[in-house]
Number of protein chains: 4
Amino acid sequence: MDSGATGRYQQMMTDEVLWSQAGTEKHRRILDAALEMFADQGYAGTATSEIAKKAGVSEAAIFRHYKTKKDLLIGVVAPVLRVVAPALIADIKGILSRRYPDLRSLVAALVVDRTAFVRRYHRVLRIALQELPFHAEIRAIVDEVFLREIFPPASETIADLQARGEMMPLAPELVMRTIISLTAGFAVHRYFLRLGEPFDEAAERELLIGLITKALGPERAD
Amino acid sequence: MDSGATGRYQQMMTDEVLWSQAGTEKHRRILDAALEMFADQGYAGTATSEIAKKAGVSEAAIFRHYKTKKDLLIGVVAPVLRVVAPALIADIKGILSRRYPDLRSLVAALVVDRTAFVRRYHRVLRIALQELPFHAEIRAIVDEVFLREIFPPASETIADLQARGEMMPLAPELVMRTIISLTAGFAVHRYFLRLGEPFDEAAERELLIGLITKALGPERAD
Amino acid sequence: MDSGATGRYQQMMTDEVLWSQAGTEKHRRILDAALEMFADQGYAGTATSEIAKKAGVSEAAIFRHYKTKKDLLIGVVAPVLRVVAPALIADIKGILSRRYPDLRSLVAALVVDRTAFVRRYHRVLRIALQELPFHAEIRAIVDEVFLREIFPPASETIADLQARGEMMPLAPELVMRTIISLTAGFAVHRYFLRLGEPFDEAAERELLIGLITKALGPERAD
Amino acid sequence: MDSGATGRYQQMMTDEVLWSQAGTEKHRRILDAALEMFADQGYAGTATSEIAKKAGVSEAAIFRHYKTKKDLLIGVVAPVLRVVAPALIADIKGILSRRYPDLRSLVAALVVDRTAFVRRYHRVLRIALQELPFHAEIRAIVDEVFLREIFPPASETIADLQARGEMMPLAPELVMRTIISLTAGFAVHRYFLRLGEPFDEAAERELLIGLITKALGPERAD
DNA sequence: GATGAATGAGGTTTCATTCAT
DNA sequence: GATGAATGAAACCTCATTCAT
């Protein structure tokens, strides 16, 4: 399901690589269990004892690796934000360095890539999103990664597209917010609000691509 | 602060009306305190004792009115969803029953209305959003209100606009998702990610209106 | 066993008066249990669960009254230091305001009083002594009570005795240290190092009185 | 710093000699760390993990040398009590075997010796004192050393002095208690209640000597 | 001989909830 | 109707100790 454009990191970023901090098998199981339970029940709604049970370890084992429950949360969330997000950027650059016949092709490449990312890491992203308002530590990571690693290259690319007349001359922040909003709307619909309906992912993705392209495309003569 | 277009419910839905369940001053203070703390710290992250202290009542007083903590959550969230949302719809109908020179004017009327709504109730909405994944009760209310009270009239209106050639012929779900996504992106940026930057609300709103109009406007000849 | 000179506080300072903070019977039982266990096993060596069990209450009951275990320690120790010690002083003043045929009679009155005090409160005193090095809070109380309420009147009395030629002209600190050291040596021997031997309290007290009198009495011609 | 009268053991009893049980550098570091932490935080208030960290070894290393934490406590405290105290006695005997012009010279020699001892080992003594009530093992050592090695020769010497008319005919236990009480009062003031005041050690020691001499000296004609 | 990982038992504290007054 | 006291259960976390490597 991952198209070739998705980039190399998809294959590499197995959990073993992602959780390179975890030296032991048990440590990895702790992270796996925490990831799943935090995603399902929220951070505050999950007891460390539940995580321990699900991981098949003692509760004390958790606290050997993480001084506090909050440290565990960071331990689960940070790698994805720190390691994966920058890898994404590298891929975006690859995508953008190619030539596209029109904005639509570009958006299509981007969206396919992004939805694959969301599909792969949706549980961690869900946790990060849910806990963002309550944990300054997570906000700090997001701020840092975004401002330092995502915003500058993305701005550059947007400026480039706008210079070529392929995109409306909107502020880069607004462009990014638009793409993120619409993609997130798609993802929320798809992954977080499971309404049990059948979901034709490919078709939906095409519609999303169309919407973004239309919203951001160059102004036509009225 | 609420423009005239905002509709009648704004004036009516003071907290006293909203919390019509609350017969006594104390009851209202409990709901106020719970609203604020749930919004700030999340449901699971807020102790009933904290709510009691902030409300200036005994903990037992809370449990006189609500059998369980979860009941209190519902008591805080449900009125807005049940009372306010339908009132919104009534207003939307009013908005839509008028004639507009073009889609843009319509979207403008809608967006102004919606952002006022978000501004007014953003804390309750935040709670509802945050707790949606964890509480079937809230999901049920949202489902019910949405499916029964919001979706049908909105669909009808969308179909109407599409019939008039003012809007792309997209599925009503997608149209609504698009409006919601972009408005929510705006609101999140505005209310939940306080980055401390100055924020020119009127200008930003114009941009939002432009984006939605462009995304959903009728297909131009290529 | 308390001679008339012992003063009024002995009769008054029952635990009910001492623990006036304790509104409930259970609260008092908590303080009683904590007092006993801290004295027997030390603060760090006593679990709150043990205190709860001995008091016949739930562990949570302890933490309703005292936010932390340390607060409980202070709650046990402070009243004796704050309420009883100053009452002592008042009595000392009474003792000293009388006329005595010689230093020995004065020391006798004092020692009887002091040993009665130690006998009455030896467990709290033991705790205070044991925990003094580890808890700045207790040190602060001792400092305050001593410097503010004990030292000044005692100094005055000592100066008075020295002026009358009844006592060696030593610094008041040293006089007090001598009395306290010898009395404490007596008390430690008597109450804290239970060597199981029979102990003729009255006779020992006489010896103590003699020693103090001799040590502090006026210099004889050599 | 140690005057000549202090005796031979001062030079010998470096920690290396004292902790002759410790074969390795690490073992010695463990004992050093335990000594310091037990003195500062008490036995029950010190975690083995803290000791390990301060010693720069693994926690397991501690348990290689000592089966339990209590064994470590004994390992820290016993040598001083078993090795140093008897050495003291030997010195006392030396001191006492000399002839003194009067009781005061004798007391002076003793006190100088004893305060030097306290200065040298005050941390171990502090631990022993603190933990005495809670550990039968320590009490047993103290009892044994005292009853077997200190009491008999000291009694003999006291009897000797009393026979020579240099000392009041008090029970040897009381004589020893008096000396210990007053010296301990001095030491507590000096080492354990650091009140931050300047402290003229030599002058204070003279006063202590005077007090003991006066308290225990022969009865003058009244 | 030393360690890092692991743990069972238990530490203090908090929680939502009940109940006598 | 309101409260302060009370609590069982469970929260997070720490402890002394063991053991495979």
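How many salt bridges does the rule find across the interface of chain B and chain A? It finds 2, a salt bridge being a side-chain nitrogen of Lys or Arg within 4 Å of a carboxyl oxygen of Asp or Glu. R177(B) pairs in this way with E204(A), with the closest N and O atoms 3.3 Å apart.

The model is predicted: local features need pLDDT of at least 70, side-chain atom pairs count only at pLDDT 80 or more, and totals for chains, interfaces and linings use all residues. Residues are numbered from 1 along each chain as its sequence is written, chains are lettered from A in the order in which they are written, and side-chain values use heavy atoms, without hydrogens and water.

In the interface, 36 residues of chain B contact 36 residues of chain A (heavy atoms within 4.5 Å). The area buried between these chains is about 2600 Å² (accessible area, 1.4 Å probe, lost on being put together, summed over both). Carbon and sulfur atoms give 61% of that area. R177(B), L211(B) and K214(B) supply 26% of what chain B buries against chain A, more than any other three residues.

Chains C and D were also compared. A rotation of 180° with 0.1 Å of shift along its axis superposes chain D on chain C, with an RMSD of 0.2 Å (least squares on C-alpha atoms of residues with pLDDT of at least 70 in both). That is the relation of a two-fold axis. A215(D) comes closest to the axis of the residues of chain D, its C-alpha lying at 2.1 Å.

Notes:
Buried area is the accessible area (1.4 Å probe) that two parts lose on being put together, summed over both.
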